2 protein chains.
Amino acid sequence: MINWRLKFIPLGGVTDVTKNMYVYELYQNDELVDILIVDCGIGFPREKSLGVDLIIPDISYLAEKDKAKEDKISKIRAILFTHGHEDHISGIPYLYDRLKQPDLYGSRLTALFLNKKLEDFGYRKKVNEIRYLTDYQFSNFKVRFINVTHSIPDTTHIFIQTPAGNVYHGADFKFDLTPPYGPPPNFYEITKVGKIGVNLLLSDSLGAEREGLTLSESVVGESFEREMRTTKGKFIMTTFSSNISRIRQCIEVAQKLNRKIAFLGRSMKENTKAAKEIGYLSGLESILIKEEQINRYPPKKICLIVAGSQGQFDSALAKISRGDNPNVKITKGDKIIFSSDPIPGNETEVYDLVEELIKKGAEVIYPSISDQLHASGHGNIDDLKFLIRFINPKYFVPIGGTLRHQRQFQRIVKELGYPENSVFLLEEGDSLWIEKNRLYLGRKIETKTIYVDAYGVGDVGNIVLRDRKNLATEGIVVVILTLDNNFRLLSQPRIVTRGFIYEKNEEELLKQSKKIVAQILKPKKEKAFKLNNIKREIINKLEEFYFRIKGRKPLVIVEIINI
Amino acid sequence: MINWRLKFIPLGGVTDVTKNMYVYELYQNDELVDILIVDCGIGFPREKSLGVDLIIPDISYLAEKDKAKEDKISKIRAILFTHGHEDHISGIPYLYDRLKQPDLYGSRLTALFLNKKLEDFGYRKKVNEIRYLTDYQFSNFKVRFINVTHSIPDTTHIFIQTPAGNVYHGADFKFDLTPPYGPPPNFYEITKVGKIGVNLLLSDSLGAEREGLTLSESVVGESFEREMRTTKGKFIMTTFSSNISRIRQCIEVAQKLNRKIAFLGRSMKENTKAAKEIGYLSGLESILIKEEQINRYPPKKICLIVAGSQGQFDSALAKISRGDNPNVKITKGDKIIFSSDPIPGNETEVYDLVEELIKKGAEVIYPSISDQLHASGHGNIDDLKFLIRFINPKYFVPIGGTLRHQRQFQRIVKELGYPENSVFLLEEGDSLWIEKNRLYLGRKIETKTIYVDAYGVGDVGNIVLRDRKNLATEGIVVVILTLDNNFRLLSQPRIVTRGFIYEKNEEELLKQSKKIVAQILKPKKEKAFKLNNIKREIINKLEEFYFRIKGRKPLVIVEIINI
C-alpha cells in the first residue's frame, strides 16, 4: 500500500501580512514526488527609514537536495497565484531563474499583472490564464480555482486535492454580495468543496478583529456619487492603483455627472491601461482624457484618479500637493477623497499630505471623518464564520495576518464549536504534515530576511542595517592617524564627523578628542604598541568621552595609515 | 484715553498637538506693559529614528527687545499651567533660566509634577498651587482657574480678563459627567464666563473629528472589573503613567477582588508616589506591595500596573515581554490590558509588544478588539459644541490639534451658526491682536525647531539631522588619501564604508573605487592640482560609480593628509 503524505510550509504570509508564499510537498512512501507552490509575493520592510525597498521570500529551503540527492526545485510542478496584489505576485521576477522558470497560473487580471512584471525583468514566458469550473492536474495534485471577491478583480481561492488529503487555500478575500464589477463569490463551488471534504482550511485572518460583515465595495460607489454631486471644482480620488473595481466605479459616476477622467501617477496609468486592454473599463473609454488635456476643461468637468494614497513622497498626489504638477493646481472648490486607510506605519505621511492639501484650499475627505469612502478587501469576523461553515474542515491555519489576527481567528473557530487545537498558529518556516486524517507539526525550516535595496537583492544584510541604524541615531566619528613605523604621529590626528555634532560649533570638543588620541599614542616604556590595541583604546576612550559630554554613542572608526 | 491692545502668540500647540506654549502680551498705547504665558511643554519629534529625544518651544521672540529697548522677558508676570501633561509642563526646566525664573502657577497635581521636574534640574523654587473660585491679579491681567476634566486629575481652563478684552483659554479637556475621582467640570463657572463676555475662545480641537460625546472615564473602571473577574492568573494593566484616575480605578477594582497591587516602571512608580503624597490614592495603600514581593503571592492575587503602553523598548512592560524582569514571568492564564491607544507613529512598536506577550502565552486585550478599555481625554464633537454654547465668544482659535482638527473645529463652529471667519486657524508664530471687540492677524514671528538630544539642547540642528537621514538610508564612504606636496600618493588610497555595503563581499567594488581615485590623481600637464578640486572630482566620480553599480548614493567624504 502506498503511504501518501502532504507537507505544507509557509515561507511568508504568516505572522506577517505580506510576502505570501506557500509550499506544498507531496511524499510517496517517504519520497518527495511533487511540489506545488501558491503565490510568491514581496514584503514591506519595517526598516523603511534605513533605505531598504522590499523583502522577498527566502527560498533556500527549496534549493536543498532531498534524500535521493535530487534538487527540490526540479519537482515544482507549478506556481499558482490567487490574485494580483504585490504581496502575492511581485516576488516572482526576483526568484524566477532560481526556481528554474516553472509554469505559472493565475486568473485573467492576475496573469496580466504578472506578465507585465516578468516583461519588466526581461522575461518572455507567459503566465497561463486559468479557467474556473475546471480541474487542473499537476502530477499528483488536482487543483481547482474558485472565484471569490476582494479589493482587486479576479481573486480566487484554490481547492487542492491530493492523495494525502485536501486543502482549501483561502487567501485574501471578503464575501461581497454586491460586487460592483464581476460576479459574486461562487458559493456553490465553495460549499461543494465542503461536501467533498477538506482536511485543512487556510484562511485569510486579517479581518479577524472586526465585528460583522465587511462593507460591500458598492457602498463606496454610492459615496463617490454623493460627494461628486456637491463638488464645485475638480473631484480628485486617490486609492490603491490595483483596485480596478473602485476605479471603475469612480469613472462610472464621473460619466453620469459629466466629468472627464484623467489618471495620474505611473502605477495608476499602467494598471488602468492593463485593465483597459482586457476590457475591464469597457464602455467608459470616451470620457478618458490625457493629463495634458485637463486644463482644456473647467474644473467642474474634471475628475482625477491619482496614485499616492499612502502619502508616498514621490507619488503623483504628493507632487500635486507641492504644486509640482503643471497641469493640476489645487484651488478652493476642489474636493479630494482618500479612498483608502493608511497602512499601519504610514499614518504620518498620509496625514501630512492631507494637511498640505487642506492648506492649498481643497476640501479633503479622509477615512477618520467618513467611513463610507473605503471598504476593506478582507473579510470581517462574520465573513470568516461563513467560510468556516461552508468548508467545515478538520483543521485550520490562519494566514495573511500577524499573531494577533491568527489568535483572534482561533477564537472565532472555537466559537463555532471546533476544538481550540484544531487551529495551528504557524510561523514562517513551520511545517505541517497531513497524513490519513492526521495533522502534525514537522521540523521548522530556517528562513532569513532577504532585503532588496535599489539594484541589489540580498546584498544589504543585517550588519549593514545595524550600522545604518546606529548612524541614524548617533552619527559617526572617523579618526585618521598617519604614523611612522615607530607609531609616531606624522601629522595631527584628523577627526571627521557626520550626523554627530555640527563641527563648526564644536571646536573645543574636537580639540579635546585630538588630545585624547595624542595621549594614547605617547611612547610607553612597558609595552610595544600593537595596532589593534591602539585602535581599541582610542575607540573606548573616545566613546566614553562623547557619552560623558554629549550623552551619545556615535560609531567611532579609527583608520591608521602607516608610512 | 488709554488704548489697550492684547496680542496673542502661540509658540506651539497649533498645527501640532504637543509643545504647548501661548504668549499673551498687553499693550498700553503701543507700549508693551505685561506678558502672561500659559503652558510650556515639550513636543515629540517625527525624527524618532534619527535619535532626537524631544523638542522645546523656541522662545527667541521673547528675548527680543521692544521699542523702548527693554527686554520682553522682564515683563513676564507669570507662567500658568493648565494641567500636568508633559506637552504642557516639561519644557519649563529647559527654559527656566532663559525666562529669568518667573513665577509659576498650577493646580495641585500640576504643581507637584512641575516641582519634581524642576528638582530634577536642580532648581529649588516651588510652583504656586492655585485655588479655584479665586481671582488672581498679575499686573493688568485678571485670571481665574476653572476645574474641568481630562485624562489627568486637576485639569483647568483659564479665564483671562484684560482691559483689551477677555480670553477663555480652553486647553485639553473633555466633559466627563461621571469622573471616577475628583469633581465634574464646574459648569456654573464656565457659563458665568460666558455671561461676563468673551472675545476669544481657545479650544482643544483634537477630538473634532469624532462624533458624539467622549466616553466617561468611569466606563473604563467597569471594564477593568469585568476583565479582572475572569482572569485566572496575573492581571496586568498598562496605561499612561500620568492617568492617576485610571490607575486609581484599577486599584479600587483590585481591592474589591482581593488582589495586591505593584507598580512597575520608573514613571509609573514616580507618578503614583507623587499621587500618594497628596492623598490621591488614599484608602488604597494597604494593598500596595513592592515589585520584589510579587512572587510571595499566587498569580490570581496579583494586579500589576505597568508603564510602557506605547511599546517603548526600554519600558517595564517591554522588559517583561522579553523575560528580563526576574520578578514577573508571563504564563498562560495571565491577562494584559492595554488601556491606551497607540499614539500615531507608535503602532508598530505597540503591536510588536502585544504579539510578544501573546507568544508568551498571555491573553492580551488591546484597543482594536475592545472599545471600553480606554477613554480619550479629549472632547468629541458634542463636548466641543457644549463649550462653544457655554462661552458664546466672538472669535475662536482651535488649539491642541493639527490643521485637519482645526479645520473640523471650524466646521463645528459654522454648524452652530457662527460665521466661518470667526474662526482663526493659526500656525505657530502667528499673532492675533485683540482690541475693542476687533480681532485681526498681526505679523508672523519666525520660530525654529529646537531639538533636545541626550544632554544637548539645540546642538543637533538641521544639518546634522540631514546627514543622519542620509547615513540611515544610504550609508557612508570615507576615502583617505596620503599625499606628498606634489600630490603624489604616499600609500594606497584607503576606503572605509559603513552602512553602504558589506565590505567582505564587495572586494571588487572597493578595488574599482581605488582605481577611480588613482586615475584622478594621475599627473596632468595642463593644470596644477587644487585640493578642493581633487576632492570634488573624487566625490563626483565615486557617487556616479556607486549609483550606476548599486543604485545608491552614500555620503562620500574625502580626507586628504598632506605630509
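**A contact across two chains, and what surrounds it**

Guide: Happy to. Over all chains of this predicted model, the count of aromatic pairs comes to 42.

Start at A:Glu559, which belongs to strand β25 of chain A, residues 555–562. Its relative accessibility is 11%, and because buried means under 20%, A:Glu559 counts as buried. The side chain of A:Glu559 makes a polar contact with the side chain of B:Arg494, at 2.8 Å. Setting aside neighbours within four places in sequence, A:Glu559 touches A:Val479, A:Ile480, A:Leu481 and A:Lys535 in chain A. From chain B, B:Ile480, B:Arg494 and B:Val496 are in contact with A:Glu559 as well.

How are the two chains arranged around this contact? Chain A superposes on chain B by a rotation of 180 degrees, with 0.1 Å of shift along the axis and an RMSD of 0.1 Å. The two copies are therefore related as by a two-fold rotation axis. In chain A, the C-alpha nearest that axis belongs to A:Ala472, at 2.3 Å from it. Of the interface residues of chain A, 100% are also interface residues in chain B, so the copies meet through the same surface.

Now to the nonpolar interior. In soluble globular proteins, nonpolar side chains tend to be buried together. Here the largest nonpolar core has 67 residues, and those with the most contacts inside it are A:Leu62, A:Ile92, A:Leu99, A:Ile251, A:Ile261, A:Phe263 and A:Ile305. A second, separate core of 66 residues includes B:Tyr27, B:Ile59, B:Leu62 and B:Ala375. Residues up to four places away in sequence aside, A:Ile261 touches A:Cys250, A:Ile251, A:Ala254, A:Ile287, A:Leu288, A:Ile289, A:Cys303 and A:Ile305.

As promised, the rings. A:Phe173, A:Phe175, A:Phe187, A:Phe386 and A:Phe390 are linked by ring pairs into a cluster. Charged groups meet rings too: A:Lys553 lies over the face of A:Phe547, 5.3 Å from the ring centre. In chain B, the charged end of B:Arg322 sits over the ring of B:Phe313, at 4.0 Å from its centre.

Finally, some loops deserve a look. Most residues other than glycine have a negative phi. A:Asp154, however, has a positive phi near 60 degrees. A:Asp154 sits in the loop between β9 (141–147) and β10 (156–162) of chain A, and with a relative accessible area of 18% A:Asp154 is buried. A:Asn392 is not a glycine either, yet its phi is positive at about 45 degrees. The loop holding A:Asn392 runs between α11 (381–391) and β18 (395–399) of chain A, and at 48% relative accessibility A:Asn392 counts as partly exposed.

One more loop residue is A:Glu292, found between α8 (266–277) and β15 (302–306) of chain A. Its relative accessibility of 53% makes A:Glu292 exposed. The C-alpha atoms of A:Glu292 and A:Pro326 are 9.0 Å apart, although 34 residues separate the two along the chain.

Note on methods
Residues numbered from 1 in each chain as written. Chains lettered and ligands numbered in written order. Predicted model: local features only at pLDDT ≥ 70, side-chain atom pairs only at ≥ 80, totals over all residues. Heavy atoms only, no water. Phe/Tyr/Trp six-rings, centres within 6.5 Å; stacked < 30°, edge-to-face > 60°. Lys NZ or Arg CZ within 6 Å of the ring centre and 35° of its normal. Core = buried A, V, L, I, M, F, W, Y, C linked by side-chain atoms within 4.5 Å. Buried < 20%, exposed > 50% of the residue type's maximum accessible area, 1.4 Å probe, protein only. Contact = heavy atoms within 4.5 Å. Least-squares fit on C-alpha atoms with pLDDT ≥ 70 in both. Helix = DSSP H or I, 4+ residues; strand = E, 2+ residues; numbered from the N terminus. Polar contact = N/O pair within 3.5 Å; in protein donor to acceptor, adjacent residues only side chain to side chain.
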